[in-house]
Amino acid sequence: MTIPILEVRDLKKYYAASAPFFHRGERPVVRAVDGVSFTIPEGETFGLIGESGCGKTTTVRTLLGLEKVTSGTIRFAGEEVQDADQAGWRRYRSSVQAVFQDPYSSLSPRMRVWEIIAEPLITAGKMSKADIKTRVAELLEVVGLPNDAGERFPHEFSGGQRQRVAIARGLSPQPRLLILDEPVSALDVSIRAQILNLLQALQDKFGLSYLLISHDLDIVAHMCRNIAVMYLGRIVETGTVAQVRDNPQHPYAQALFSAVLPPHPDKIKPRIRLTGPQPSPLNPPSGCRFRTRCPVVQPICAEIEPALEQTRAGSRAACLFAPRASQEEIDR
């Protein structure tokens with residue numbers, strides 16, 4: 001059996017919220033991520049989608065070690081990492097790198113490009129200066145930048161070029177997994193396709209695995225094989241792109257994908273418009289968290305919190321009214 005590159009099980013991240021001055025008892029808790037599970041096979045791209053505030057960025061921060069996990073398990077290449085010692089975390093961090101949304105703020109304006117790319121290598125202290133110089137030159141070529149770009153500062157480049165620098169920096173310690181947090185949302189539309197094509201070429205060349213975080217459903221559908229839809233800290237549907245995009249079973253996923261232009265005019269579906277604001281993770285609704293905005297809500301939805309179960313369409317959805325697969329269909 002092949003060991004997945006990343007396995008996340010029942011991941012939770014809670015924050016203690018500030019309480020009113022006269023508040024007594026336990027402090028209120030923000031459930032930013034509340035029981036998220038997913039698996040990324042080696043060499044594949046997994047997409048995590050949902051509207052702002054659903055918990056995508058907090059999930060990324062916990063995976064990068066920027067936030068301490070409240071509970072749950074993170075396994076990288078079969079080894080648990082959330083309770084690893086300092087040496088274990090260093091190995092993990094060199095194997096898991098990130099490319100963030102804004103290439104204008106993620107690169108230090110005071111460092112030359114070669115310093116930015118070389119920084120992870122210098123910090124690791126395992127390569128000579130000559131080897132680091134060679135490595136930086138190789139990475140500049142790989143991401144499509146001239147060798148003399150290393151002597152320039154980030155402000156001398158366009159947005160697309162800066163994102164290429166950020167990708168080169170992420171590749172410098174030879175990671176196995178890249179976390180792509182909205183990697184093209186800050187770029188011009190004309191540049192986005194170039195960066196996405198570069199990422200796919202790098203994946204083929206180096207056998208990289210990607211975790212793609214995005215609100216752009218078209219980009220996720222283009223890049224990913226498997227995706228998960230998040231709502232208010234939980235995954236409400238997960239499956240292959242074809243399963244979730246073409247035949248979503250959860251009402252929230254149906255609403256999301258109804259806004260995407262179909263691949264063929266004959267497949268146009270009516271737009272599903274959600275009413276009401278998104279609830280706060282400080283005080284989520286009882287039962288199904290989507291019930292306050294759901295167009296097919298029933299009284300039982302306030303009483304039972306649905307679990308992810310396999311549907312007849314092949315995806316797994318957390319909805320009491322999604323058509324569930326029989327045991328025979330699951331065993332196929």
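A nonpolar core is a set of buried Ala, Val, Leu, Ile, Met, Phe, Trp, Tyr and Cys residues joined through side-chain atoms within 4.5 Å. All views below show a predicted model.

**View 1. The largest nonpolar core of the predicted model comprises 52 residues.** Within this core, the residues with the most contacts are I117, I167, Y210, M223, I227 and V229. Apart from it lies another core, made up of 28 residues that include V33, V36, I179 and M230. In soluble globular proteins, nonpolar side chains tend to be buried together.

**View 2. Surroundings of M223, one of the residues with the most contacts inside the largest core.** When neighbours within four places in sequence are set aside, the contacts of M223 are T45, L196, L199, Q200, Y210 and L212. Of these contacts of M223, Y210 is likewise among the residues with the most contacts inside the core.

**View 3. An open sheet is formed by four strands in the order β2-β1-β4-β5.** The pairing is antiparallel. Strands β2 (29–40) and β5 (79–80) are the edges, each pairing on one side only.

**View 4. Pairing of strand β1 (residues 6–16) with strand β4 (residues 71–76).** These two strands run antiparallel and are joined by five bridges.

**View 5. The largest cavity, with a volume of about 80 Å³.** One cavity of 30 Å³ or more is counted in the model. Its lining consists of 13 residues, and those nearest the centre are C288, C294, C301, C319 and F321. By class, the lining holds 11 nonpolar residues, one polar residue and one charged residue.

How values were computed. Residues numbered from 1 in each chain as written. Predicted model: local features only at pLDDT ≥ 70, side-chain atom pairs only at ≥ 80, totals over all residues. Heavy atoms only, no water. 1 Å grid on protein atoms, 1.4 Å probe; cavity = no way out; pocket = protein on both sides within 12 Å on 5 of 7 lines; lining within 4 Å. Points joined across faces, edges and corners; volume = space filled by probe spheres on them. Nonpolar A, V, L, I, M, F, W, Y, C, P; charged D, E, K, R; others polar. Buried < 20%, exposed > 50% of the residue type's maximum accessible area, 1.4 Å probe, protein only. Contact = heavy atoms within 4.5 Å. Pairing = 2+ DSSP bridges.
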